[in-house]
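Here's a quick briefing to read with the structure open beside you. Have a look at the model, then work through the notes by topic.

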Amino acid sequence: MENSNSLPEVTFPQRDFGARREINENVIDTDAAQHRYDSAYIGLRLPKRPRRPHKSRRHHAEKSSSTPINGNQNFSLASPTPSEQIQSLLSECEESSHDVFCEMDVLYRLGEIYQWRETARWVKYEEDVEEGGERWSKPHVASLSLHSLFELRSSLTTGACMLDMDALSIAQVADMVLDNLISQKLLEESLRDQVRAALVSQHTFQHQKFSRRKMSTPDGLDGSQPMFRKLSMKRTFSEIGRTFSMKARGDAQNVSMAKLGNLQSQPNLEVMNGELPESVSTARLNEHFMRKIPAGAEAANIMVGELDCLTYQVVALVRLCEGRNIGDITEVPIPTRFLFILLGPPGSQGKNVEIGRSMSTIMVDEVFREVAYKARSRQDILAGVDEFLDQVTALPPGEWDPKIRIEPPQSVPSQEARKVAKPAVGSPVEEEEEEEESHFDPTLERTGRLFGGLIADVKRKLPWYASDFKDSLHIQCVASIIFLYLATLTPNVTFGGLLGQATDQHMGTMECILTASIVGILFALFAGQPLNILGSTGPMLVLEMILYDFCKDNKLDFLPFRAWIGLWTAVLLMLIVAFDLSALVRYITRFTEESFACLIAVIFIAEAFKKLYGILDVSPVNTDPDTPLNYTCECFPPKVSSDDMLLPLDPAQFLTDIGNSSNPAYSVPYLFNMPDNQTWTLLPNLTVASVNWSAINVTLNGTECEALGGTPITVGCDTPHYIADAFFLSVLLFLGTYMVASTLRNAKTSSFFPTFVRQTLSDFAVLIAIILMVTIDILIGIPTAKLQVPQSFKPSHPDRKSWFINPFSDKNPVWLIFAAVIPALLAVILIFMDQQITAVIVNRKENKLKKGSGYHLDMFIVAICIAICSVLGLPWYVAATVSALAHVMSLKKESECTAPGERPTFLGVRENRVTALMVGILSGLSVLFTTALQFIPMAVLYGVFLYMGVAALKGMQFIDRILLFFKPAKYQPDTTYLRHVPINRVHIFTIIQLLCLAILWVIKTVDSVSIVFPIMVLGTCFVRKGMDYMFTQRELKWLDDLMPEAARKESEDAKKKKEEEMANDQEDEALLSETYDKLMDIQVDHNGDRFNNHKAGQRRTPTDTERVNISEEMARTGIWLQLKNNSKTALCDEETHGSRHRKKRHCNGRHHSRSKKTEDHVSKEDGDVQEEEGGEKKKTTFYMGEEEEEHKV
C-alpha cells in the first residue's frame, strides 16, 4: 500500500533505446527512466535525437519521493490517448508536410540476382498491377485486414526507426540501415552483404516495356569485374556506356567520392544504385503520371520481399532529413522522403505484401502523413498508427467479400477534426455561432447610413475589378460566351415577337436585341455580381401587356406613359438602395428561392415544348395523304370575245367596292405594261389583257376581283402547304440538341477519353450540340423553320422615327405623370423579387464564390438601366434566373490534378466580367450575323431552352423531395434532412411548397389576374413565416433556412437551456459526491487495494468511460498476444541458430534489474493483471525484444 503512493506525477513517453528487451507494457516508462541512469552502453551506436523541450529529466525515484501523491490532489493517472498525442505533436511542431506518393516494390529473384518490381502505388487510392503485369487496376479503396495492421505495428515496434537520416543515395541508406540493425542485434553481421545486395538491386516499373535484356550479375561486392546487366529499354546511352566501360565506372566513382568527401565516417561510401555509379538521374521516368500527383509531393518507397538467407523478419522505417533523389527507385521524378523496408524468410511473401499495403495506405492518410513528417521518435510514429487504428471502420466478415474492390466515394469528409483536440466533457467551451442562413451574408446587414450598403459594395468589389478581367483568360470562358450568346439570343428574339404582337409593334425584336446589348454591357462593367444575366422574363411581359391594354382602352399614348412609369420605378429603386432595403433579402429562404426558381425553370421547359408544337403552324403534318390537295385560289378573268375589250369600270364605284374610297389616288399594282404611278383616273381605259389576274390576292380581298369583272375561285385558299417531314425533323433536332448537350455536359465524369478531352467536351457541350444539329439539318435539306433576325437597325413600329421617347404627349393629361407611381409600385415589387431572388440563388455558398456579392450595387445598376430603357422605348430587363444559373454552371471550376480514382473537386466559379460583357456586345452585333444565324433551325434553339430548364432543376432539394413520393423507404437517398426529420413531415413541407408553386403558375397563366403575380411571389415569404407555427425550428433548419428572428431566438433558447443543464449537473455532482465517497470507502475496506487506481475521494468521471486509449486496449487483445509470442519464438530460433557465435540467451528466463518499488507497483496495476481459468494471475507484457547483457557495465 505504501509503494502504491509512489507513482510518478508525470508519465515519461516511451523511448527508443536501440536494444531489445522484454518489458511490461505498463512500466515501460519506469524501466526506461531507470535504465537511463543505471546502465551504460559501450560500442552501441544510438541515433541522435533533438532534445525535447519542457521535459523533466529528474530521476523517477526522486520525482516520486519528492512529490508524494495525495488523494485530495486533482490529477489523472490515465496516459494520453494516441489522438491526444498526435494532436499535441501537430500543434507543437511547425515543420511543413507535403503530399505523399507511395510506391510498393516487391523483391523478386531472377537466377542469381534480385530485382525490385513495382506492384502497387498510392496517390490517394490503391492501384495494383494486375495479374500478368500488363496494366494497372482500377483505383479502389484499400481494404486491410486488422491482423496485417497489428503486424505492421508490431514490426514498427521491434524494427529500426531512423528519423532525419542524411543520405544521398540508396546505397548510403542501405549501409546506414544495416549498421543500425546490426548494432541493435536485429541482424547478424554475416548477413550484411546479402541483404545489402538485395536493397541496392535494380528497380523496374510498370510503365517500362518488359523484354529480354542483358543484366549484370554481381560476381563481387566491389564491382571490379565486368558484368552484363538487365537494362530497361528506356535507359539512356550514358548509362549503357557506363555499363561496358570499366574506366568510365571508375571515373564516375571517383567523382562521386569527391562529392562525398565529408562523409568519411560512414561505412561503404561506394555510392551505387543497382551496381551503377551514382550520378544525376537521366532515366526516362513516368512523367505522364506526374499530372495526377500534387505539386510538391514527395515519395514514400515501400520495399518488401523475402530472402533465402533470413530466418526472421527485418524491418526498418527511414525518414530522410529532406526530400532527395537517391536513385531511380520511384517511377515518377519526385524526391524520396520515406522508406519502409521489410524483408522476411522464405514463405513470408504474402504476409509481407499485406504489411506493405497497410504501411502504404497509412502513409497516404492525411493525418498520419503529417505525423510522419513531424515525428520526433518511434513513440510518435506508433501513436500515429494507433490513431489510425482508432479511426478504422471494420466490416463484418460474413457480410462482405474482401476480394471486392471498393469504389472511391463521391466525396470524402474533412479530416481536420482528427487534428484538433476535442473539448473535455463538462468543460465550459464557447460554441461558435452557426450560420443562421445558408445564404447569410454580412452585406445584408443595414448600415444605418444613407447609401451605406452601396458604398460598402463598391469598396468590396473594387479590389477585385482587375482580376475580373484577368480571370477570364481561359478557354472555358470562350465556350461560356458562345453558349450564353445563343442561349440569350433565342429568348430575346422570341420575347420580341411576343412583345410586338402584344403592343402592336411599339416594341419588337429589334428593341429586345438593343436592350440586351445596352443593359448587358452596363451590368457587366459596373454590377456587384456580374455572373447575373439580365434578360426578358415572363412576368415582365405580362406587365407590359397590361400597360398597353390600359393605354389602348383609354386612348393614351403608350410609350410616353410607360416612360413615366419607368422613371418612377427607377426613383423608387434608388430609394431602396439609399436605405439599404436590400437587407430584406434575409427573409428570402430556400423555400421562396426554390419555389421561384422552379417556376421559372418549368416555364422554360413548358415554353420549349409549346414552341416546338407551334412549328406545326409553319410546317403542318398531312394526316390524310391519300386525299388530293387543291390549291386553287386566284381570280379568273371574265369571259370576253377579245382580250382588247375594255372593262366597264366606274372608278368611283370601283373604289367603293374594294373598300378604299378614302384614297382617290389609288395605285393599281396588278396591271401589265403600266407605270407604277397609275391612278384611278386610268381605270376606265383598262382592258382584259392589261390586268394580271393571277396577281390579285383573293384571300385578302375577294371583292377586288369581282369589281374588275373577274371570278374569284377560293376553294384552295385555306388548304395548308405541307412540307414533307419538316415537323418530324424539327422534333428530332429538338431532342437531339438536348440529348447531345446533356450527354457531353456529363462527359467529364465518364470513363472515356483523357481528362483534357472530357473537360473540353463538357465546356463546349451546347455549342457542339448546336453545330452538330445545324449540320444535320443542312445535309438533309428539308426546309425547317429558321431563326429570323431583323436585318436593319431601326425601331419596329413604322411610325416611330426616333429611338428617343418624349415623356410629354398631347394625348396624355398632366395628372397621368403622378398617377404613374401606382403601376411603378407593381413594377418595383416585380423587379426587386426577380433581381434579388436570382442574386440570392447565384450567391449561395454552394457555388463557393470568392469575390463577394453586391446586392445594393446590383440594384443601383438595374435602376439606371430601367431609366435608360424607359426614355429609349425599350423593354425592361432584370436578372433572368435560368440564364444566370446557366452562366454559373458554364464557369464552374474543378480540380485538374486529381489522384487516380478521386472525383474532381469543385473549386468554385471562374468569376469574371468578360463573359457577360462579350455576350452583351455580340447581342448588339446580331444584326450583322444575319447571314449565319438564318441557318439555325428554331427547333435547335428550343432544345437549348429545354436543356437550360432541366439543368436549372438539377440539385434542387425541392425536386428531390418531390421524387420521394415515388420511392419506397429502402430506396430513398441518405440525405441529411431525412436523417433528422420524419418522412411524413418532409412530405407535408413538400406539399405546401407544391401548392404555392401551383398557385403562382395559375396566376401567371390567367391574364385577368396576372397583374398580382409580383405580390403573390412576395406572399411566399409570408407563407414561409406561417410555417414557423407548423414545424419546429429544428425541422425547418434541415428542410429550409431559418428566419433571422427565429434563428436568433433558437440560439438564445439553446444557450439558456445549456446553462440550466450545467447548473443541474453541478447540483447533482454535489449531492452524489458524499454518497459515492462512502461507497468507495466500503469497497476499499472489503477489497483491499483492488481499486488502487481509483482511490476513495476520486470518483470515476464520465471521461473515464468515454476516453478509450486504443494503445492500452490493443495490448490486451489476443491478436497482439499471438504476435508477441510469435516474435519470441522467432527470436529463440535465431538464438539457437547463432549459438556458436554468441552466448546463448534464455527467451523465457530473462531478469531485469528493477527496484522493489517498481515491482510492487507493477503487481498492483489494475491494467497489468489478467485472471486465468485456474485463478492464477498473469502479467500482460509488451514485447520489445531482448537486451544484450554484455553491453551493460
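This is a predicted model: local features need pLDDT of at least 70, side-chain atom pairs count only at pLDDT 80 or more; totals for chains, interfaces and linings use all residues.

Tyr548 and Phe558 are both buried.

**Aromatic pairs**
- The model has 14 aromatic pairs in total.
- One of them joins Tyr548 and Phe558 edge-to-face, with 5.2 Å between the centres and 85° between the planes.
- That pair links distant parts of the chain, with Tyr548 in helix 17 (residues 538-553) and Phe558 in helix 18, 10 residues apart.
- Phe727 and Phe728 pair up too: their planes are at 70° and their centres 5.9 Å apart, so this one is also edge-to-face.
- Phe727 is buried, at 13% relative accessible area, whereas Phe728 is partly exposed at 47%.
- Why does Phe727 count as buried? Its relative accessible area is 13%, and the cut-off for buried is under 20%.
- Phe591, Phe989 and Phe1031 come together as one aromatic cluster.

**Charges over rings**
- Arg117 has its charged end over the ring of Tyr108, 5.0 Å from the ring centre.
- Arg121 does likewise with Trp136, where the charged end sits 4.0 Å from the centre of the ring.

**A buried proline**
- Look for Pro875 in the loop between helix 27 (855-871) and strand 13 (878-879).
- Pro875 is buried, with a relative accessible area of 1%.
- Which residues does Pro875 touch, leaving aside its neighbours within four places in sequence? The contacts are Phe495, Leu499, Met507, Glu511, Cys512, Thr515, Glu544, Arg562 and Cys869.
- Take Glu511 from that list: Pro875 and Glu511 are 364 residues apart in sequence, yet their C-alpha atoms are 7.0 Å apart in space.

**Helix 28**
- Helix 28 covers residues 881-890 and is mostly covered, with nine of its 10 residues buried.
- Among the buried ones are Thr881, Val882, Leu885, His887 and Ser890.

**Positive phi without glycine**
- Asp580 isn't a glycine, but its phi is positive at about 55°.
- You'll find Asp580 in the loop between helix 18 (558-578) and helix 19 (590-618), and Asp580 is buried at 1% relative accessible area.
- Lys848 isn't a glycine either, and has a positive phi of about 55°.
- Lys848 sits in the loop between helix 26 (821-842) and helix 27.
- Is Lys848 buried or partly exposed? Lys848 is partly exposed, with a relative accessible area of 38%.

Definitions and conventions: Residues are numbered from 1 along each chain as its sequence is written. Side-chain values use heavy atoms; hydrogens and water are left out. Buried means under 20% relative accessible area, exposed over 50%, partly exposed in between (1.4 Å probe, protein chains only). Helices (H or I, at least four residues) and strands (E, at least two) are DSSP runs, numbered from the N terminus. Contact means heavy atoms within 4.5 Å. Rings of Phe, Tyr and Trp (its six-membered ring) pair if their centres lie within 6.5 Å; planes under 30 degrees apart count as stacked, over 60 as edge-to-face and the rest as tilted. A charge sits over a ring if NZ of Lys or CZ of Arg is within 6 Å of the ring centre and within 35 degrees of the ring normal.
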